[in-house]
Amino acid sequence: MKIQSVSAYQIFDSRGNPTVEAEIHLDDGTSGRGLVPSGASTGQFEAHELRDGDRTRFREKSVFRAIRNVEEVLAPAIIGWDIEDQAGIDRRLIEFDGTPNKSRLGANAILSVSLAVANAAAAWRRVPLFRSLGEGTLLPLPEIQIFGGGAHANWRTDVQDYLVIATGAESYEETLEITYNIYKAAGDQMKDRGSDWGVADEGGYWPEFETNEEALEILVSAIEEAGYTPGHEAAISLDIASSDLYDPESGLYHFALDEEFFDSDDMIERMLEWCQRYPIVSLEDPLADTDQNGWRKLCAALGGRVQLIGDDLFTTHPGRIRAGIEKGLANAVLIKLNQIGTVTETLEAIRLTKEAGWNPVISARSGETEDAFISHLAVATDAGQLKVGSFSRSERMVKWNECLRIARHLGHTARFLGGKILPRP
Ligand code: PGA
Ligand code: ZN
């Protein structure tokens with residue numbers, strides 16, 4: 001079935017900031033949309049998000065140029081193409097941009113079209129998106145944020161995400177029940193401390209803590225208060241997002257809350273210490289995207305027993321992932337569609353990661369939309385893990401809820417590996 005029209009609009013993300021939505025109509029009247037999310041702690045190697053920079057419109061954040069690029073450049077390039085040829089269409093979108101980081105037309109413009117193509121193809125095939133995208137049947141193990149910090153919570157803590165993984169759950173449904181209980185127990189503790197101040201960008205609490213480590217201690221006690229044994233039914237995952245803490249000139253990491261500066265070796269030491277003292281099963285961006293020596297050392301020391309996820313390190317870029325695999329920098333890759341800008345390149349990033357025996361973790365952005373594309377992507381590719389923020393706010397819950405719907409749809413053919421997917425000592 002052929003593409004008849006492509007249009008684009010400015011909509012708004014979960015922070016209220018402008019973003020791009022594209023809509024594709026096919027000759028038979030079916031259609032599909034693509035909604036683009038946006039990060040706050042973005043990596044320097046990400047594809048380019050094009051914003052107008054016009055001080056008189058939406059504080060420089062409007063995306064009218066990206067929208068014009070969809071309608072005036074990308075639409076004519078793909079009208080008349082077969083909707084089932086996602087790879088061919090994505091190749092054409094990349095060609096028409098012509099830059100290595102999609103900076104001419106904007107990765108947000110390109111991704112809106114690429115996502116709309118995938119959704120329109122599923123509508124044309126009359127199957128759910130996950131079935132149209134791939135053959136997978138594996139329901140993901142969620143990583144769910146309890147406390148938010150860093151760039152998402154005005155730097156209340158230096159660590160960006162304090163998350164829980166329900167490692168002992170036997171089903172996807174049970175992961176949500178365990179995490180719900182922990183999230184509510186943590187909320188009760190916030191009330192007791194008199195610091196029940198609502199939630200940060202991804203829905204986690206953002207109280208004041210004395211130190212970065214205090215949040216870890218409270219997280220352990222919330223797991224216990226919810227009736228679980230830390231490290232058994234539920235374990236801890238941290239996204240340090242440490243590229244934001246790193247000064248490449250001095251080579252130092254700054255933990256402002258703790259008034260400490262670390263060089264790369266100190267930072268590795270701190271991570272090893274935390275992993276010894278707390279039931280941590282996963283660390284994301286424990287080191288900066290340019291600190292490759294540090295990554296190699298940490299991975300040699302910890303990679304056999306803790307999941308080490310590269311987010312800013314790889315930016316979902318197949319070339320960067322391939323190089324990282326060769327150098328043994330990590331054992332998992334955070335997968336964000338808008339870091340690379342097309343569905344096809346994202347699928348390639350997931351394939352490379354899995355081929356190396358590493359774990360792909362499909363992830364939302366801190367600025368999200370009401371779309372649940374990534375839930376379908378996680379199941380379609382048998383990725384095994386999903387990270388979309390906390391257990392509140394509808395732009396987060398829509399992703400968790402969509403996995404429940406997919407589970408119902410798959411019925412007895414659904415699979416779930418739970419904590420077994422993580423590295424074990
Ligand atoms: P971001 O945060 O979307 O602001 O980059 C998410 C993450 O760092 O994993
Ligand atoms: Zn991250």
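**Aromatic pairs and the domain interface**

Trainee: How many aromatic pairs does the rule count?
Mentor: The model is predicted, so local features need pLDDT of at least 70 and side-chain atom pairs count only at pLDDT 80 or more, while totals for chains, interfaces and linings use all residues. Side-chain values use heavy atoms, without hydrogens and water, and residues are numbered from 1 along each chain as its sequence is written. Rings of Phe, Tyr and Trp (its six-membered ring) pair if their centres lie within 6.5 Å, with planes under 30 degrees apart counting as stacked, over 60 as edge-to-face and the rest as tilted. By this rule the count comes to 9 aromatic pairs.

Trainee: Which parts does the pair of F147 and Y162 tie together?
Mentor: The two rings lie 6.3 Å apart centre to centre with 75° between the planes, and the pair is edge-to-face. Strands here are DSSP runs (E, at least two residues), and helices are runs of H or I of at least four, both numbered from the N terminus. Because F147 lies in one strand and Y162 in another, the pair ties together parts 15 residues apart in sequence, namely β5 (residues 141-148) and β6 (residues 161-165).

Trainee: How many residues does the contact take from domain 1 and from domain 2?
Mentor: By an automatic or database domain assignment, the chain is divided into domain 1 (3-126) and domain 2 (133-421). With contact meaning heavy atoms within 4.5 Å, the contact takes 29 residues from domain 1 and 31 residues from domain 2.

Trainee: How far apart are the closest N and O atoms of K102 and E345?
Mentor: A salt bridge requires a side-chain nitrogen of Lys or Arg within 4 Å of a carboxyl oxygen of Asp or Glu, and the count between domain 1 and domain 2 is 3. K102 forms a salt bridge with E345, and their closest N and O atoms are separated by 3.0 Å.

Trainee: Which element gives the largest share of the side of domain 1 that touches domain 2?
Mentor: The elements giving two or more residues to that side are α2 (86-97) and α3 (107-125). The largest share, 7 residues, comes from α3.

Key. Chains lettered and ligands numbered in written order.
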